[in-house]
Amino acid sequence: MIERIVYNLLQVVVVVAFAPLVEGVTSRLKEIIQSKRGPSIFQPYRDIWKLLHKDEIVSEHSSWIFRATPYVAFAAPVFVALLIPVLTRYPLFFAFMGDMLGVGFVFALAGFFACLAAADTANPYGPMGASRTRMVGFLAEPVFIMVFFTISFVAGSTIPYIVQTQWVTPIANFFEPSHILLLMAFLMLILAEDGRIPVDSPSGQFELAMIDRSKSLEYSGRGAALMKWAGAMKFFVLIIVFLNVLVTPWGLAQGRDIGSVLLAIPLVLLKVFGFVLLLVYIESSLAKLRLFRITEFIGAAFVISVVAVITRLSEI
Amino acid sequence: MAGTPVLSALDALTGALFLLTALGVVATRQVLASLQLFIAQSLLLTLSAVLLGIARGSIHLFAVAAITIATKTLLIPWLLRYTVSAEVYRTREIERVLNIPSSLLIAAVLIVLAYVVANPLLGVVEVPFAQINLPLGIAAMFLGAFTIAVRREAVPQLLGLLAVENGVFFAGIAIVPNLPVIAELAAAVDVPVVALVVGMLTRRIHARLGTTAVGQLASLREQ
């Protein structure tokens, strides 16, 4: 009992501690591919540290939403880390508090607050980015629903711990067409939801073209640090959900002793870095889509997920 | 027949990717990308034929695989690259009959339809793998035909036709225990000729009009 709570909190610590590292590695790899040296992989930590020690300026016309949003955005991935398998294959203390739809709802809450906060300060770029995020969001929603529908249909559950073992018992399940199609659809969703390159450029500095990043433009000091950290954690948690729940549970701790749980940390990070390599490849080989082409991108993801449902239905 | 579950799982995976490439041929804008997708689709067809060949110990299916790889991944792409000028491949197709999201949705409906059509047939053919290959092959056929309907450029339309052909073979290798090699040989001779003729025609059209948007060539013009 006690160990399960401890491991569960350890998962949160891992997410909070290593999320900036994953972001640093991603940006470093991207720079290397572009024949540049790039910043150190620890740069996000330094940025967060620096921002935490700076003064915070809040517009006097803004309401409590603007002040509360960094905390909500920071709490959401922390809360999600309690629910999903980050390190262990077996359910931990809070695992049955919410399923994968719950994860979706928690992220939706954080996204909702971020959009309100962007509109709150009346900075012209904030509401624009917020409305664009909503556009991407409501296009992505049906795909999410289809993906979760298929997953729960295949595994008979939406609890991530039950879903993850479904794909590898027996191993032939891994090669199911519906599984592979789901992976494709969910990968496209991660790209859309996190503002990665075919949808949005994460390193773009041009406000008129921003979708995701322009929402936190108004923050400074501690708020900016929390928003940046929260963005890194959301990215990390999405990757973890993708890798540990949808792809495979390989590398996760099976044993109940502390040693195997600690060993799972480097293994999971290795998996995440492998995925980051793929992501960097995708980001470096594609161009950003124009705003109205995003419907095509997400439409393709939707059709892929529908095909996954159909192939699954026809097999039974 | 040892290892059949693994083979059929691999075949299912091949089939899923096969269907994805068919969707890609419907949806991509760049002409070159749809040619590459067609090559990938032919490779997947080859892979499926090899898997079925291993599962059934049939030498015919290996012949099918060899012929597919020779004609569809090497000869036809080379012919199309050689006859049609490079300018065509650089262009993006701006004008389509339908925009991409709606054509993708129709494609999804077509895939459902393919499963509906294939379902009664599956009761008749009691061959392993037909469960996977038949509906996916029919779906690829429909998507190829839909590509021809929805596209307005000559080369993507031809690729749609070739995708129909791929779909036919994908379904065909599964429902017949031993596909006669003569059928595949006939296709091996026939299809490159089609590709050559369309390629030459496209080259002429492009040289004359500076475009290959054959969808616009709707009316005759008096000299």
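This is a predicted model: local features need pLDDT of at least 70, side-chain atom pairs count only at pLDDT 80 or more; totals for chains, interfaces and linings use all residues.
**Exercise 1. Describe how H2 and H8 of chain A pack.**

Solution. Take the axes of helix H2 (residues 43–52) and helix H8 (residues 221–247) of chain A. They come within 7 Å and cross at roughly 155 degrees. Because of that angle, H2(A) is roughly antiparallel to H8(A). The cut-off used here is over 145 degrees. List the contact residues. H2(A) contributes A:Pro44, A:Asp47, A:Ile48, A:Leu51 and A:Leu52. H8(A) contributes A:Gly221, A:Arg222, A:Ala224, A:Ala225, A:Lys228, A:Trp229 and A:Ala232. Finish with the hand: the crossing of H2(A) and H8(A) is left-handed.

**Exercise 2. Work out what chain B brings to its contact with chain A.**

Solution. Count both sides. In chain B, 22 residues are in contact with 17 residues of chain A. Then assign them to elements. Helix H1 (4–27) and helix H5 (100–124) of chain B each supply at least two residues of the side that touches chain A. The largest share, twelve residues, comes from H1(B).

Now relate the two helices. The axes of H1(B) and H5(B) come within 10 Å and cross at roughly 145 degrees. Their crossing is right-handed. On H1(B), the contact is made by B:Leu23, B:Val26 and B:Ala27. On H5(B), it is made by B:Ile100, B:Ser103, B:Leu104 and B:Ala107.

**Exercise 3. Characterise helix H3 of chain B: its length, its bend and its buried residues.**

Solution. Begin with length. H3(B) covers residues 59–83, which is 25 residues. From first C-alpha to last, H3(B) reaches 34 Å, close to the 36 Å expected at 1.5 Å a residue. Look for a bend. H3(B) bends by about 30 degrees at B:Leu75. A proline, B:Pro77, follows within four residues.

Turn to the buried residues. Among them are B:His60, B:Leu61, B:Val64 and B:Ala65. Further along H3(B), B:Lys72, B:Ile76, B:Leu79 and B:Leu80 are buried too. Finally, name the partners. The buried residues of H3(B) pack against helix H2 (31–56), helix H7 (154–175) and helix H8 (181–209) of chain B.

**Exercise 4. Is B:Glu165 buried or exposed, and which residues does it touch?**

Solution. B:Glu165 lies in helix H7 of chain B. It has 20 C-beta neighbours inside 10 Å, so B:Glu165 counts as buried. The cut-off is 20 or more. Leaving out residues up to four places away in sequence, B:Glu165 touches B:Ala187 and B:Val191. B:Glu165 and B:Ala12 are 153 residues apart in sequence and 20 Å apart in space, C-alpha to C-alpha.

Conventions:
Residues are numbered from 1 along each chain as its sequence is written. Chains are lettered from A and ligands numbered from 1 in the order in which they are written. The expected span of a helix is 1.5 Å times one less than its number of residues. The bend at a residue is the angle between axes fitted to the seven residues ending there and the seven starting there. A residue is buried if 20 or more other C-beta atoms lie within 10 Å of its own, exposed if 12 or fewer, and partly exposed in between; C-beta atoms are placed from the backbone. Two residues are in contact if their C-beta atoms, placed from the backbone, lie within 7 Å. Axes are lines fitted to C-alpha atoms, for helices over the stretch in contact, and angles run from 0 to 180 degrees between N-to-C directions. Angles under 35 degrees count as roughly parallel, over 145 as roughly antiparallel, 65 to 115 as roughly perpendicular and the rest as oblique. A crossing is left-handed if the near helix is turned anticlockwise from the far one by less than a right angle, and right-handed if clockwise.
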